[in-house]
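Me: I would like to go through this chain step by step, asking one thing at a time. Please end each reply on the value or name I ask for.

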Amino acid sequence: MNGSFVTDKLEPNDVDCVLLIGPGFPQDPAAEAELLAGLPFINFELVDEEAFRQFTERTYATDRNMVPKGMVEVIL
């Protein structure tokens, strides 16, 4: 995860997420439809391993000036 949610802001206003999907995705088409419809204040991407690596090593790992920044990993 990334965005102001993982900063020290008193009132963060967004969460940026990248979700690594596995070979069994989707198991529940209704849940997939809800994810694809979007959630308020949450920007997320459903991606394969190659795109996941890009997000976690580059896109979310640095700011626009290529300065490294923190991320939060959630493993279920």
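**Helix 1 and its two ends**

Me: At the start of helix 1, which backbone nitrogen does a side-chain oxygen of Asp28 reach?
Reply: Helix 1 covers residues 29-37, where helices (H or I, at least four residues) and strands (E, at least two) are DSSP runs, numbered from the N terminus. This is a predicted model, in which local features need pLDDT of at least 70 and side-chain atom pairs count only at pLDDT 80 or more, while totals for chains, interfaces and linings use all residues. Residues are numbered from 1 along each chain as its sequence is written, and side-chain values use heavy atoms, with hydrogens and water left out. At the start of the helix, the side-chain oxygen of Asp28 comes to within 3.0 Å of the backbone nitrogen of Ala30.

Me: In what order do the elements of the protein chain run from the N terminus on?
Reply: The protein chain holds two helices and two strands. Read from the N terminus on, their order is β-α-β-α.

Me: Is Thr62 buried or exposed?
Reply: Thr62 is placed in the segment after helix 2, and a polar atom of the Thr62 side chain lies 3.1 Å from the backbone oxygen of Arg58. Leaving aside residues up to four places away in sequence, Thr62 touches Val67, Pro68 and Lys69, contact meaning heavy atoms within 4.5 Å. The relative accessibility of Thr62 is 15%, and buried means under 20% relative accessible area, exposed over 50% and partly exposed in between (1.4 Å probe, protein chains only). Thr62 therefore counts as buried.

Me: How does Met71 count at 36% relative accessibility, and what is its C-alpha to C-alpha distance to Ala61?
Reply: Met71 is found in the segment after helix 2 (49-59). Because its relative accessibility is 36%, Met71 counts as partly exposed. Met71 and Ala61 are 10 residues apart in sequence, and their C-alpha to C-alpha distance in space is 6.9 Å.

Me: Where is Ile42 placed?
Reply: At 33% relative accessibility, Ile42 counts as partly exposed. The place of Ile42 is in strand 2 (residues 42-47).

Me: What percentage of the 76 residues in the protein chain do buried residues make up?
Reply: The C-alpha atoms fill a box of roughly 35 × 30 × 20 Å, taken along the principal axes. Of the 76 residues in the protein chain, the buried ones make up 17%.

Definitions and conventions
A polar contact is a pair of N or O atoms within 3.5 Å; within protein, one must be able to donate a hydrogen and the other to accept it, and residues adjacent in sequence count only if both atoms are side-chain atoms.
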